[in-house]
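Please look over the chain shown here. A short report on its confidence, its make-up and some selected residues follows.

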Amino acid sequence: MAAASPLQDIDDKFCLCSICLEQLKEPKLLPCLHRYCRDCLSSIIQGRCEVIKCPECREEIQIPTNGVDEFKTDFYSKNLVEYVRIQQSLKSDEIRECYSCSKHLIIVAYCFKCNDFLCKDCHYFHVTNKTLKDHQKHTLSLEDIEAKKITIEKLASMRDDPRCHIHLEKISELCCETCDNLPICVACMHGEHKGHSLHEVKALAKLKRLGLTNKLKELKEIQKDTKLMAPRQAKEKLILNVSIERVKAIKMHDEKDRKIMTKIEDIEERRQQVKQEKQNTVKKIFDSLQREMENEIKKTKKKYLDIFKKKTIEVTDFFKARESSMEKELAKLCEKRVHFDRDKQKLLESVEKQLKENLKIIETMSEHYDNMKKRHKTLNVMASSILASENDWSAVQCIPDMCTAATNLMKDLKKDFPELTTLTDVTVNYKQYSFGKPSVTNISDEAKKTINVNDPYECIYGMTSTGDGNIVISGCTSHYGASFIAVIDINGTILQESKMNAGNDWPVRYCEFLSQHKVGSICDPHEIGLYDVRDGSYIKRNISDVISSWPKDRYVRCLATDPVSNHILVGGDESRDVYVFDDQLNYLHILTLPEMIKWPRDITVSDGHLLVCDHDGEKCYVTTLDGLESELVGEFMKPDLGKRGFGPISVCSDKNGFMYVLWKTYTQYPYQCYLVQYNQDGSQVLTTKQLEGDAKVVTVVETPQGEKLVVATYEQTVYLYDLIVED
């Protein structure tokens, strides 16, 4: 290889690393004579094994004790790269920072002792100053390279001799053959390398070159060995044998082809004979079939008439059955119409009842207001009379009583009657008047929307609709002993929010839609109230103060409302008793659930029935709502979720009667939660979706864009799904 070749003519194996394809930096030479950068070799070894395979020849190589640094440095490649680097700098006339004067000038020389470039003035000083005498033989003028007066061998001689691998401040004077020709100084002869095979570098290099020359001669002799010619001879013999076999195959093919052609001619002759026989046979068959067909036509006509009569009877019976079915369906529809009329009458009676009850309460309030008017009028007359008389004794005796009466009157006048707003609301359930029901309601994934509700709302336990397209959420806050109710729109904007103090450390609050703008709410241990979503006003009562039979250790755990009767239903923990209140928070009676229910975790009213989530019993039921003892109507089909320990925690229904239940694990962590859609009676599972493990409550919200299924998680996230009705 020519020592003074330009960069583009130098073999990649001598100047480029085969791994990173960059100029070799600190080139290391493996025992297999392949060169790699020190950094690339370090990444190959990675310090996790004792043996590596060379990436090129795949030879296994033992890693030295001290890693990459103990591999030999490839001084030839190092010199070669340095040569190319200097040659490139000369071609570009690059302005560099001079190592000596630190000025940015055109460089004209390179000092291998300083390992950097020099400008023209510094170069002159470098080669003339006596203090830099040891640098002069290592200083190279770049003009010499341009004139091609330098070779790589001469370039190598100009480089500073290697340093002792132990005493880095000293130039190496010997090499240790015992330690794989490491460069050492004289001091090492009596130190770490004492007793080793030490050599002067030039003498050892001469000996190594002689050994390499002898090895090359041996290789050249081995190449002349006849064994190396065996593959070529085998190839020639193979080509000859293939030619012979090809001739044999062609000859054999021609012979077989002649035999096949003879058979083809024989078959063609026989085929013509068969063709003639076929024509004769077809003619005979045709004549025979012609006669048979005439006979069969006569028989078929008679058979057709018989079949026609039979089919006519069958069609007549079929349409009679259809007419009968339609008559039954018509009868059912008429019966349903009567049922709708009866429900209509009940609803009208319910509205009339609400009217009478509310009017009665309003009249009582009106009498109270009239009484206050009379008191005010009397007080004004008496006060005017006493003040006009200017009688001191009358003033002293009467004015204190009159001031007391005025104070009491002002207190009564300031008293607010928030229940007046509730008394003006009349709720009618029109859901039962939807004629017929759709075949299925699909939950759309494409319209899924996520709302994040941030602190101070720590945990969500309840969620319901406002009746006008917004959502009400409730739960406990991060503040000690406080709960919250908030109204948000479907974009997550908070429209109304209220914080309430409670009587325990970690209050849990639930909510449920009652009437337009009114939401029923409960909060443990035993609070019940009404929340107005318009102004955030809240009326509450303590259940234990109203119901003497309410146990002291019982906490409220679920809430439902019946908009038809304006009733509020409250369930407690570990009890089958459901406490019924009216829309003025007056206690009415207890509804006891069937015996198979342990205790309700969540309840809701749907089409005049009560849907009950029995989480501990791992079942969901449909029960009656009337009377004091609830009766079992049906049981939801338990979904096959592939694991044990799933119980229902929340239930709701849409306006078309389809029901939705959240099933959640309680025996394993992390928790898993599934949303299951059922048909109108809960006997069939329609859709199953896996949700986040902390999903807590599900409800349906009516918006201007249609019904939406809403799921809230414990960690303040609300998901909205469009409900798509397909008839």
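## Confidence and ground rules

pLDDT is the predictor's confidence in each residue, from 0 to 100. The chain averages a pLDDT of 78, and 81% of the residues score at least 70. Residues 1–14 fall below 50, and this stretch has 30 contacts in the model beyond near neighbours in sequence. A contact means heavy atoms within 4.5 Å. Residues 430–439 are also below 50, with 26 contacts beyond near neighbours in sequence.

This is a predicted model, in which local features need pLDDT of at least 70, side-chain atom pairs count only at pLDDT 80 or more, and totals for chains, interfaces and linings use all residues. Residues are numbered from 1 along each chain as its sequence is written, and side-chain values use heavy atoms, with hydrogens and water left out.

## Overall make-up

The chain has 13 helices and 38 strands. Both are DSSP runs, numbered from the N terminus: helices are H or I with at least four residues, strands are E with at least two. Of the 727 residues, 36% count as buried. Buried means under 20% relative accessible area, exposed over 50%, and partly exposed in between (1.4 Å probe, protein chains only). Among contacts with a separation of 6 or more, 47% come from residues 24 or more positions apart.

## The helical span

UniProt lists residues 257–284 as "coiled-coil region", in an unreviewed entry. UniProt positions are given in the numbering used here, feature names are shortened, and annotations may be inferred rather than shown by experiment. In the model, this span is 100% helix and 0% strand, and its end C-alpha atoms lie 40 Å apart.

Helix 10 covers residues 230–389 and holds both aspartate 306 and lysine 302, four residues apart, about one turn of the helix. Their side chains meet in a salt bridge (3.8 Å, N to O). The term means a side-chain nitrogen of Lys or Arg within 4 Å of a carboxyl oxygen of Asp or Glu. Aspartate 306 is partly exposed at 42% relative accessibility. Lysine 302 is exposed at 56%.

## Salt bridges between strands

The whole structure has 13 salt bridges. One of them pairs glutamate 527 with arginine 509, with the closest N and O atoms 2.9 Å apart. Glutamate 527 is in strand 22 and arginine 509 in strand 20 (residues 509–515), so the pair ties together parts 18 residues apart in sequence. Both residues are buried.

Glutamate 635 and lysine 619 form another salt bridge, at 3.8 Å between the closest N and O atoms. Glutamate 635 lies in strand 31 (residues 632–635) and lysine 619 in strand 30, 16 residues apart. Glutamate 635 is partly exposed at 40%, and lysine 619 is partly exposed at 35%. Salt bridges that share partners also join Lys518, Asp532 and Arg534 into one network.

## A buried aspartate

Leaving out residues up to four places away in sequence, it touches residues including Cys558, Leu611 and Ser650.

## Backbone details in loops

A cis peptide bond joins aspartate 524 and proline 525, with omega about 15 degrees. Proline 525 sits in the loop between strand 21 (518–523) and strand 22 (527–532).

Glutamate 574 is not a glycine, yet has a positive phi of about 55 degrees. Glutamate 574 is in the loop between strand 25 (567–572) and strand 26 (577–581), and is exposed at 67% relative accessible area.
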